[in-house]
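Hi everyone, thanks for making the time. Let me put the structure up, and then I'll walk you through a few spots in it.

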Amino acid sequence: TLFRSNVTGNLTGNVLGNVTGNVLGNVTGSVTGNVTVNSHLSPLGFGALCTASSGNITVDTIGLQGAITAANTTYLANGSQTIIDVPPGCYISPGTVTLLSGAQLRGGVIFTPTQPTTTSPTLLATNVDDAMVDNVTFINTTPGANSPYNAAIAYFSTPGDAINHHHLVITNNNISGFAWGISVFYSQGGTGSLDDVLIANNTVR
């Protein structure tokens, strides 16, 4: 199988997290880290067209990244998380979209034409807190090299990271055509940690 879900290093805490909610962003249950969700954004508001499902290809990398960056700005200002409603036809080419703290990607479809020959996840989180990817379909045409860095969704810590990170949710996603599906690695020689992690009900082909 193409599926890889690797967790190494200091992974501690309430792994399942018992997270529930609805499309309005209500979160209930046993969740650590003061999770607050209060708004929605769309890549369409940041220049993306996301029409790849209809065959009209436009590159939506900048628009999707813009929505994630705006969500992160809100999170850094007041700790509130933002739901990013992914449309059904976002086209990412070339390279990587960076998932930042406070961004919750939900729904929709992300297309990539091919993974680069160099290792590069499609959606990459590094040292983030309070991040989610839920019910998103990732479709890739040509997989890259067999490497955890060529995943559809990846979380990595940087060498020497000393922060206690929390709340990562990767659930209900459909991933096809990638060298690796999901990669989560913590840590690379650091003294920090990653806790309150939920990775469940993902399908990788």
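Let's start with Q104, which is buried, at a relative accessible area of 1%; buried means under 20% relative accessible area, exposed means over 50%, and partly exposed is in between, using a 1.4 Å probe and protein chains only. Quick housekeeping: this is a predicted model, where local features need pLDDT of at least 70, side-chain atom pairs count only at pLDDT 80 or more, and totals for chains, interfaces and linings use all residues. Residues are numbered from 1 along each chain as its sequence is written, and side-chain values use heavy atoms, with hydrogens and water left out.

Back to Q104. Where does Q104 sit? In strand β8, residues 103-106; strands here are DSSP runs of E with at least two residues, numbered from the N terminus. The Q104 side chain also makes a polar contact with the side chain of Q81, at 2.4 Å. By polar contact I mean a pair of N or O atoms within 3.5 Å; within protein, one has to be able to donate a hydrogen and the other to accept it, and residues adjacent in sequence count only if both atoms are side-chain atoms.

Now over to β14, residues 164-171. Seven of its eight residues are buried, so β14 is largely enclosed by the rest of the structure. Which strands pair with it? On one hand there's β11, residues 131-134, running parallel to β14 and joined to it by four bridges. As an example, M132 has V169 in β14 as its bridge partner. Then there's β17, residues 193-200, also parallel to β14, with seven bridges, and there H165 stands opposite L194. Pairing, by the way, takes at least two DSSP bridges between two strands.

Most residues other than glycine have a negative phi. But H167, in strand β14, has a positive phi of about 65°, and it is buried at 2% relative accessibility. Over in β17, D196 has a positive phi too, near 60°, and D196 is buried, with a relative accessible area of 2%.

Last stop: N172, in the loop between β14 and β15. Buried or partly exposed? Partly exposed, at 32% relative accessibility. Setting aside neighbours within four places in sequence, N172 is in contact (heavy atoms within 4.5 Å) with D134, N135, V136, A200, N201 and N202. And T137 is 35 residues away from N172 in sequence, with 9.0 Å between their C-alphas.
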